[in-house]
Amino acid sequence: MATTNNPCSYDGCTAPARSNVVNSICDTHYMSRRRAIQDGKPWPADADGNFDKHTCPAHAIDKEGLFEQAPAEEQAPAPAPAPVAPVDKGAKYVGRNALDGAAKSKAEILEELLSGGKDERVDELIARISTLENSISAHYRIDIHHDGDKVVKVEGLNHRVTPYVIDLVAADKMPYLVGPAGSGKTTLAEKVAAALDLDFYSTGAVVQKYELTGFVDATGTYQESSFYKAYKHGGLFLFDELDASSPAAIVAFNAALENGHWACPSGEMVIRHKDFRVIASANTYGKGATLSYVGRNPLDGSTIDRFAFVIMNYDFALTAAIKGVAYDGKQAPLRYTVKENSEHDISSYFRDVTLYADAVDAMGIKHIISPRAAINGIDMLRRNVKRSVVEESFIWKGLDGDSVKKIKQHAADALAKLDREEN
C-alpha cells in the first residue's frame, strides 16, 4: 500500500500511515501487528508484553485475537477503484501442481481489493489466507501414471522437487540430490521409498569400504550391510554424503551398479534385485571441496555420469507450511512436465546431445557427455519431462553457465554448417 500524508495512529509515532483511512497505521506497526496476529499475541503491548489497547485503540487485539475496536470515526473518501481488466474467456484453471510463480496470490489480490477505504482488520484475514496458501503449495498430491508403473499417490507436506524425484526413481534412474545442509534430502528419500512401496536403507559418508560392503567378523560370520540388503532383497538405498566417501568404496559401488551382480566379502555372488533403487545425496556437484564444505572429495567422471542431478535448495514455502506461518515468497512445486514431447522433439534432443559431446571434446572442456545422457534423457522425455529439466539432470549436471553457453554455441555453429553443406 502506498504511504500518505496522514500520520500513524499509534501513540507517539510520526511516520506516515499506510492508507487514507482515518486512524490508519504505518508500515512498521502494520508488520508488528501482523506478526502478533500470527503468533497469537496481544497487540499493542507494553515492554512487559501486557496488552495496552490505549496505545493504538483503533487496531488493538486482545490475547484471544478479538478486536478491541474504537468507535467508528468518519473516514476520508476512498480512492476510486482501479479499472478491472477484461476476463479472458479462454483461461483455464491450473492445478496447484502447476502453479505459476508469477501469478498473484489470493492474499495479494484481496489486499489490493481492500486497500483504501477499508479498516485494517482485514490484515488478520489476509495473513491467514497467506498461511493457508503456503500450506497448499507444499501440501499436494502426486500422481504418476505411466505404463507398467504403479500409480503413485503422495499426500502431505513435500519439498517442491519431490514429484520429479519420484518420477526418476520410478523410471529406474538414479537421482543425485545436491543441495545445502538441512534442505531435506534424507527426508525426501524416505518419502520416495514410501511412495513406491520400497523398503528404505541408507548409509552416511563411507570412510572404509567395509562400511558399504559389509565384512566377515572374527568368527567367520558375514555382517550384512544396508547396501547388501537392498541390493539382494530390493529396496531404495540412499547413499548419503557420497561426495565425502572414500574412492575405494565408490569404485565398489559403481561396479555393483554397472554389472548387475556383486561378489560380497562372504564370497557370495549377489544378483541385483529387480526392485533395487538408488538415490545419492551430496552438498557439492562432485568437484571437490568448497568454502562451505571443506571435507568433500572430487568424484570421478564415471560416477557423475551415472546419476541424474537434481538441485535441491531450501524450500521455504514448505518450512512455512510446517510451522504454520505466512510466507511471501514465490516457491511452488516444480513444474517439470509438458503435455507431450513429440518424436521430433526426442530426435532433436538426441542430435543435440551428440553435438554437445563433440563440442566438449573440441573445446577441451573437462565434462563428460556420454551415451547415457542420450539414453536416460530420451527415457524421461518419453515420460513428458521438460527438455530443460532433462538437460540439467543428464547433460549439464552443475556445469558452470559460461561453459554451457559456449558448448551450445559451438553445437549451433556445427549444426548450421551441416545445414549449409546439405543445401
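Axes here are lines fitted to C-alpha atoms, for helices over the stretch in contact, and angles run from 0 to 180 degrees between N-to-C directions. Helices (H or I, at least four residues) and strands (E, at least two) are DSSP runs, numbered from the N terminus. This is a predicted model, in which local features need pLDDT of at least 70 and side-chain atom pairs count only at pLDDT 80 or more, while totals for chains, interfaces and linings use all residues. Residues are numbered from 1 along each chain as its sequence is written, and side-chain values use heavy atoms, with hydrogens and water left out.

Let us start with the whole protein. It has 14 helices and 13 strands. Of its 423 residues, 43% are buried, where buried means under 20% relative accessible area, exposed over 50% and partly exposed in between (1.4 Å probe, protein chains only). Among contacts (heavy atoms within 4.5 Å) with a separation of 6 or more, 66% are between residues 24 or more positions apart.

| Helix pair | Angle | Axis distance |
|---|---|---|
| Helix 11 (residues 343-363) and helix 13 (residues 387-396) | about 35 degrees | 12 Å |
| Helix 4 (residues 162-170) and helix 5 (residues 185-195) | about 55 degrees | 10 Å |

T162, V165, I166 and V169 of helix 4 meet L188, V192 and A195 of helix 5. By class, six of these residues are nonpolar, one is polar and none is charged. For these classes, Ala, Val, Leu, Ile, Met, Phe, Trp, Tyr, Cys and Pro count as nonpolar, Asp, Glu, Lys and Arg as charged, and the others, Gly among them, as polar.

Between helix 11 and helix 13, the contact is made by S348, Y349, D352, V353 and Y356 on one side and R387, V390, E391, F394, I395 and W396 on the other. That contact has seven nonpolar, one polar and three charged residues.

Strand 9 (residues 235-239) holds F237, which counts as buried because its relative accessibility is 0%. Leaving out residues up to four places away in sequence, F237 touches several others, including Y201, L212, F253 and V278. F237 and V278 lie 41 residues apart in sequence and 4.9 Å apart in space, C-alpha to C-alpha.
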